[in-house]
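Please go through the model below in questions and answers. Begin with the contacts between the chains, then turn to the fold.

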Amino acid sequence: MSLQMIINALVNAALIAPPAMAFSLLFGILRFPNFAIGGYITVGAFAAYTFNVVFGLSLPLAAAGAMAFTALVVWGTHIIVFRPMQEQSAITLLVVSMAVTLILENVIRFFFSSDVRGFDIPLERPWKVMNAHITPEQLQIIAWSLVIGVSLHLLLAHTRIGRAMRAVADNPMLAAIRGVNAARVTAFTTAVCGALFGLTGVFAGLDLVIEPLVGWNLTIPIFAAAILGGIGSPYGAILGALLVGLAEEATILVLPSTYKVAVGFVIIAVLLLLRPQGLFGTAEIKK
Amino acid sequence: MSETVLATRGLTSGYGKAVICQDVTLALSTGQIICIIGPNGAGKSTLLKTIAGVVRPISGSVQVAGREIAGLSAAQVARSGMAYVPQEANVFRQLTTHENLAMGAWGDPARTDKARARVYDMFPDLRSLRRERAGNLSGGQRQMVAFGMALMLEPQVLLLDEPSAGLSPLMVRQMFDIVRRVNAEGVAILMVEQNAIEGLRIAHRGLVMAAGRVAFEGAAEELLTSKEVSDLYLGTRA
């Protein structure tokens with residue numbers, strides 16, 4: 001594997017690690033695989049595009065605005081769609097979450113059409129490191145992804161609300177018995193995850209293109225990373241993202257690059273057959 | 001003079017349309033242990049869950065220190081000075097012992113450090129296990145964490161659902177010792193226990209539930225020596 005492939009794998013991993021952590025956190029609290037994440041990421045990408053290109057804000061400000069807007073959308077969707085249906089089965093909620101993605105994507109298509117777009121940022125030459133190339137944007141994605149990983153760790157391990165998030169994910173009934181207001185913790189978690197999906201939209205717009213399917217195309221690798229790390233384990237999701245990124249790049253060595261997107265599916269299928277709890281998850285014993 | 005810290009009157013509750021416990025009236029005084037015994041399915045655990053706000057009552061009243069709490073959520077009941085230790089899933093398995101205890105002081109975080117030091121004094125074994133995830137602990141150690149968590153905010157009333165369930169005979173003895181020690185510090189305890197004889201031995205009063213209702217009530221010693229209770233619910237003469 002060449003240095004270029006390792007760099008590409010790192011960029012892939014940095015792109016899918018934050019949303020995979022968010023996906024895992026959401027799963028821990030809400031107990032269903034939320035496929036609406038594709039729609040949320042697309043919302044983030046187009047919100048940043050609107051702030052950056054339409055309103056003329058700098059990209060960092062546009063990214064902050066997109067994070068806030070997506071957090072609002074994810075929280076709002078939770079209140080309007082998922083909370084009233086919380087007694088339904090995980091399968092029902094999964095199907096509903098797919099519908100949410102379709103609705104969000106088509107609302108975006110209605111306002112922005114299916115055209116491919118990009119941010120209004122100056123073009124910069126890629127840097128050359130020992131025969132490999134990396135763009136400044138890709139480097140920023142890696143750096144921000146690391147910052148997010150560390151920040152999320154600090155939030156979960158060293159703050160009161162982070163401990164409550166883990167407690168509600170672990171045992172919601174006991175959390176209530178100890179006085180934790182689960183509704184508030186859930187609202188906070190959805191907003192934090194929403195901000196991460198929004199930022200992923202910005203990253204995707206930098207590394208890929210901005211179009212209505214940008215989030216959907218990332219859904220399977222994110223899902224694969226979260227399952228690989230042990231769904232519900234945000235730390236495992238980071239390693240899962242790294243492995244998915246490496247696997248996608250390694251595939252190019254033996255198969256045409258069009259098959260890269262199939263890697264996520266293969267990882268999911270193999271894991272569900274051999275180790276459904278993922279690398280760091282705990283096997284659930286059903287009585 | 002002892003006063004009533006927990007009282008239920010005509011408490012009826014269940015799941016959906018199924019009524020599990022009916023018209024339960026009881027009064028727990030300061031410093032008292034009441035042990036609830038009865039066959040499986042008698043509604044003992046449901047009664048405790050209803051008092052703790054986990055199951056919504058259909059009718060009746062629950063008062064803690066004179067304040068009505070029937071119908072409040074479990075999170076609201078947690079702030080009433082009463083702490084509930086469920087029979088199963090009574091610790092956060094992914095959190096360390098230290099973090100579990102902190103969750104016990106959720107309602108008053110300023111007291112966490114002091115309260116945790118007090119709980120470590122009460123259960124010295126937990127101090128060396130403070131960085132260990134609760135899911136990795138033995139059944140007895142987990143039960144201590146569950147107790148410690150419930151005692152963090154020095155409740156007036158402790159609700160215990162089968163504290164000896166699943167423990168080895170040695171641990172069962174230690175667990176009842178702990179219940180006695182906690183009670184000696186002035187905490188009133190309402191306890192459901194399958195290990196009826198041991199439970200009644202440390203209790204002041206006993207209550208026998210059958211088919212969702214209170215079938216007998218009296219001093220624990222009286223229940224232990226009652227032929228009817230022994231034959232029907234204790235399995236042997238004490």
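Q: How many residues of chain A are in contact with chain B?
A: This is a predicted model, in which local features need pLDDT of at least 70, side-chain atom pairs count only at pLDDT 80 or more, and totals for chains, interfaces and linings use all residues. Contact means heavy atoms within 4.5 Å. On the side of chain B, 25 residues take part; on the side of chain A, the number is 18.

Q: Which three residues of chain B supply 35% of the area that chain B buries against chain A?
A: Buried area is the accessible area (1.4 Å probe) that two parts lose on being put together, summed over both. Between chain B and chain A it is about 1,900 Å², with 61% from carbon and sulfur atoms. More than any other three residues, the 35% share of chain B comes from B:Phe92, B:Met103 and B:Trp106.

Q: In what order do the elements of chain A run from the N terminus?
A: Residues are numbered from 1 along each chain as its sequence is written. Helices (H or I, at least four residues) and strands (E, at least two) are DSSP runs. Chain A has 11 helices and 2 strands. The order is α-α-α-α-β-β-α-α-α-α-α-α-α.

Q: What percentage of the residues of chain A count as buried?
A: Buried means under 20% relative accessible area (1.4 Å probe, protein chains only). Chain A has 287 residues, and the buried share is 53%.

Key:
Chains are lettered from A and ligands numbered from 1 in the order in which they are written. Side-chain values use heavy atoms; hydrogens and water are left out. Buried means under 20% relative accessible area, exposed over 50%, partly exposed in between (1.4 Å probe, protein chains only).
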